[in-house]
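Colleague: I am new to this structure and would like to go through it with you. Could we take it one topic at a time?

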Amino acid sequence: MAKFRYKAVDSQGKEVLSTVEADSQGAAIEKIRAMKLTPKAIGLIKEDASDGAAPKPAKGSAPKKSANITIKTPKFLRAKVKTKDLMVFTRQLATLVDAGLPLLRGLRVLHRQAANETLKDALNGMIETVETGNTFSESLGNYPKIFNHLYVNMVKAGEAGGVLETVLNRLAEFMEKAEKIKNKVKGAMTYPIVVLCAALGIVIFLMLAVIPKFQQIFDDLMGGEGMPALTQFVISLSEWVQNYWLFLIAGIVGFVVLSKIFFKTPFGSYAHDVMALRAPVFGQLTQKTVVARLTRTLGTLLSSGVPVLQALSIVKETTGNQVISKALQSVHDSVKEGEGMTAPLGASGVFPPMVVSMVEVGEETGALPEMLIRVANTYDDEVDNAVAAMTSIIEPIMIIFLAVVVGGIVIAMFMPLISIIGTIGQQTGA
């Protein structure tokens, strides 16, 4: 059995510091509660050499020098912890804790096999923090760039309720669902971006390499007179690109840089989020994606024991859209005053009626977390359908666009040639 050091409060509010032996952290919490104490912090006491720690050298003997030299990558060159790495870590830790392995030993196992150096260093620091008697959630809070508020608060709720393994499993499932939706949206955006880049490359090649040769032929045979309007427009555009291509590149770069600067301002950021929700084709997809993530996050927090006001504050910070965050702030204020969530959700105008109705039913029946998860599952399916529909619509539109642009340039170049061939044919017949 493992030995845990804990900090608790008795019925009179007096702080108690002591130790307890148990098979797991959850069992230790149950024992502490059985003593009519409320646990505030609990941590596994550092294990001896038999539990995997390196044996101490004999007294008087010189320590052996390792033949292997480990060269660590500087911190600024290390890769960030990706969502996939964090997802795998959470799932593995949940499996280890669920199998009865003490939390500290599980962290050591994952530390040994961690491939990402940033995560490896974080795990090393977390192990040291837990060894000193701090809680797992407190150790996670020391690394906000890796573990966000959602992650830390869910673990904190799991520790308080003695269901850490359940919360870790929910976190892993939540991240898997969120990553799946993110990848589908990215996949839907990849095709039009590739087609637009290909179209731009083809047009630039035609403007700089092909059209000038045709222009020379037309000048020799027609003297630049009597050309169709479409041909003259394409040739004029080609001349402008050849003469001012540096200005064109500078304009594009300047537009991109200024757009990024503008969208980083408070007004620009809010305007971007408004446009994201109201865009003709992508607006509904953005709304469904945000609603799916929001409801799943809130449902997961509430089902894990996080208080509703704290859960709303966490969700407000993780929506990624200021319009939705503003609406959630209204919901938070309403709940703080003792009112329900339904009225401010409906008044915001950014949540679909189905979401408002499901929340209302959840509040009336006392099954709000379950209703929110159902809404999230429904909107996950709708996101899948919306991505598939958008992809099927975008593909023919992109093909038609590419055909019109390239075909228009080709037709513009061949129209004078047809006229020249007709003229030559008439002269030969005469």
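Modeller: Thr289 has a relative accessibility of 14%, so it counts as buried, the limit being under 20%. Please keep in mind that this is a predicted model.

Colleague: Which helix is the place of Thr289 in?

Modeller: Thr289 lies in helix H10, which covers residues 282–303.

Colleague: And what does Thr289 touch, not counting residues up to four places away in sequence?

Modeller: With those residues left out, Thr289 touches Ile181, Val185 and Val383.

Colleague: Let us change topic. At what angle do H2 and H3 pack?

Modeller: Helix H2 (residues 83–98) and helix H3 (residues 103–113) pack at about 140°, and their axes are 9 Å apart. The two helices are therefore oblique to each other. Their crossing is right-handed.

Colleague: Which residues meet there?

Modeller: From H2, Phe89, Gln92, Leu93, Leu96 and Val97 meet Leu103, Gly106, Leu107, Val109, Leu110 and Gln113 of H3. By class, this contact has eight nonpolar, three polar and no charged residues.

Colleague: Now the largest nonpolar core: which residues touch the most other members?

Modeller: They are Phe89, Leu107, Tyr151 and Phe351, out of 84 residues in that core.

Colleague: What is Tyr151 in contact with, leaving aside neighbours within four places in sequence?

Modeller: Tyr151 is then in contact with Leu86, Phe89, Thr90, Leu140, Leu168, Leu171 and Met175. There is also a second, separate core of 14 residues, which includes Leu206, Val241, Ala412 and Met413.

Notes. Residues are numbered from 1 along each chain as its sequence is written. This is a predicted model: local features need pLDDT of at least 70, side-chain atom pairs count only at pLDDT 80 or more; totals for chains, interfaces and linings use all residues. Side-chain values use heavy atoms; hydrogens and water are left out. Axes are lines fitted to C-alpha atoms, for helices over the stretch in contact, and angles run from 0 to 180 degrees between N-to-C directions. Helices (H or I, at least four residues) and strands (E, at least two) are DSSP runs, numbered from the N terminus. Angles under 35 degrees count as roughly parallel, over 145 as roughly antiparallel, 65 to 115 as roughly perpendicular and the rest as oblique. A crossing is left-handed if the near helix is turned anticlockwise from the far one by less than a right angle, and right-handed if clockwise. Contact means heavy atoms within 4.5 Å. Ala, Val, Leu, Ile, Met, Phe, Trp, Tyr, Cys and Pro count as nonpolar, Asp, Glu, Lys and Arg as charged, and the others, Gly among them, as polar. A nonpolar core is a set of buried Ala, Val, Leu, Ile, Met, Phe, Trp, Tyr and Cys residues joined through side-chain atoms within 4.5 Å. Buried means under 20% relative accessible area, exposed over 50%, partly exposed in between (1.4 Å probe, protein chains only).
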